[in-house]
Number of protein chains: 2
Amino acid sequence: MKQLTDLQVLISKAVDALKFPDSPAELYEPISYILDLGGKRLRPSLLLMACDLFGGDVDKAIEPALAIEVFHNFTLMHDDIMDKAPLRRGKKTVHEKWNANVAILSGDAMMVEANKLMMKVDDAILRRVMDVFNETATGVCEGQQIDMSFEQRNNVLIDEYLDMIRLKTAVLLGGTLKIGAIIGGASLNDAQLLYSFGVNLGIAFQLQDDILDVYGDPEKFGKQVGGDILSNKKTYLLIKALELARDEQADNLNSWLNLEQFDAAEKVLAVTAIYNQLDIRQYAEYAMQTYAEKAFDALDQINLSEDRRQYLRQFADSLLVREY
Amino acid sequence: MKQLTDLQVLISKAVDALKFPDSPAELYEPISYILDLGGKRLRPSLLLMACDLFGGDVDKAIEPALAIEVFHNFTLMHDDIMDKAPLRRGKKTVHEKWNANVAILSGDAMMVEANKLMMKVDDAILRRVMDVFNETATGVCEGQQIDMSFEQRNNVLIDEYLDMIRLKTAVLLGGTLKIGAIIGGASLNDAQLLYSFGVNLGIAFQLQDDILDVYGDPEKFGKQVGGDILSNKKTYLLIKALELARDEQADNLNSWLNLEQFDAAEKVLAVTAIYNQLDIRQYAEYAMQTYAEKAFDALDQINLSEDRRQYLRQFADSLLVREY
């Protein structure tokens, strides 16, 4: 079994070695630019890990793993235009550094490059791999659309929210693991179980992210605490609070949501106080735990030696147990 | 041999029957909307024709033909955002009817749908077909990028222009025919010759379009004569005129290009007069003829019965001999 950290080094080198044509420069430079912004390369590393788990040749999984990284960054490039985000990883986003047209078209070209990289699997598994990849891509687009539509809505249901995060972030984790498993020679059933592990883990991870935004230790979390509260982002916590709040509490919460001028610290404090009164943290942790258990249930059914299952369990624990 | 008009009816029905999920509505409605705007469905019909030419089962080519139509419309949806085009076929463009974010994301989803449709070929030809499709998609993105970059440049060379129209419009025609040929069971060599036929015919067709903009009969052409002149569009004619004009003629042409306020009819008349003095129409027709001949040369080498080659020749003639 290869260690995840070693696989991250391997894939980082492969990303660095990835070359695109020199011309037209405005099509390909933004692709290299966004890929060079770095990151943990967690998704492609997990594809390699999944391949390795089933005894597959990790070298054969590198190009498909790159496909996942290129695809993920394509979605970021387009999402950043839609969100009007000025920065990504502290650097200018592509549409800021160039312009929106460049970011649209480079993103399109990037998706084609991702497809080409994903095609580099053996003929025997080509259709299975591409079917998973295409389904994943559809899910990510649907999730992004649903997320955008939430901004215009004040009546989002918890189940709609869970479906959105499943599509927007979790299916990519599931699909990535499934593709790695297929390349590694896993059975249909085991590949599907690993998919289920990944999707449920992804949902749990996103719920944890929602919780950490409010209750995380700012030094360990690495983001501004309360960022979601300040932007009225429809997280699990806010949706649940809107569902449970009654009378004065509901008025109080809604007045904070509608206030255009406010002191940031005061708003974070006030909304957190409402969350506390409503036990929102407990609801969110319970939901997170439910999805983590679904992930572990799927994991327990995978036909792997106990030490390999243990390895996956530890990986899941390391993702989920971040300091509060 | 099936008639092209019959294949157009067949593919129009298939486009009408194409169904996408109901939800999320803002992701899938724009896809149905742009596909419903109609058109001659020439590209997908040509894919069917190419399959039929080599004795293939046209039914097996319908989904790949739809893939080409969906892909083409995806590029239109994104191009319309970049060009800030308000109308397409007399109806609001997607980014006008909804907004730019919807058009970006629906376009992305559409490309995934195109990939899924193209995957519906037999395993034995899956990789060959997808490789052609991906190369075509890369070409179209590169062509669009080069075309956009021309707007900021005043020193575009004729060869750069020819390369741009090859990528932006002709490789899709070539790739479409090649995929149809592969599905129809053509040899590697014949599929490649049909590709070459399509690419060269596509370039000739685009050059004809440039000529018709200035010298076409407005009733038969169906567009405003001189539209390219009014928008200073870098066509073969303008690039050649900028290359050949000297002294007073060059000053005159440049002053029309730089004039921000002008009478439309006067500008069309004046620029056309410069083109006439420089024999630009003859240059353009010669270039068009050169590419048409390259197309016919490739056609002559395809291993098909003479009546089938004749059918292709007539099709090419029908595309190229439009009334002036």
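1. The buried residues of α2(A) are covered by elements that include α1 (4-17), α4 (62-83), α5 (94-97) and α6 (100-118) of chain A, together with α7 of chain B. Helices here are DSSP runs of H or I with at least four residues, numbered from the N terminus.

2. This is a predicted model, in which local features need pLDDT of at least 70 and side-chain atom pairs count only at pLDDT 80 or more, while totals for chains, interfaces and linings use all residues. Residues are numbered from 1 along each chain as its sequence is written, and chains are lettered from A in the order in which they are written.

3. The buried residues of α2(A) are L27(A), Y28(A), P30(A), I31(A), I34(A) and L35(A), where buried means 20 or more other C-beta atoms within 10 Å of the residue's own, exposed means 12 or fewer, and C-beta atoms are placed from the backbone. They cover an arc of only 155° around the axis, which puts them on the same side of α2(A), the arc being that of the directions from the helix axis to the C-beta atoms. The face turned away from that buried side carries the exposed residues A25(A) and D36(A).

4. The contact between the chains takes 30 residues from chain B and 30 residues from chain A, two residues being in contact if their C-beta atoms, placed from the backbone, lie within 7 Å. On the side of chain B that touches chain A, α7(B) gives the most, with 14 residues.

5. Because 100% of the interface residues of chain B are also interface residues in chain A, the copies meet through the same surface.

Note on methods: Helix = DSSP H or I, 4+ residues; strand = E, 2+ residues; numbered from the N terminus.
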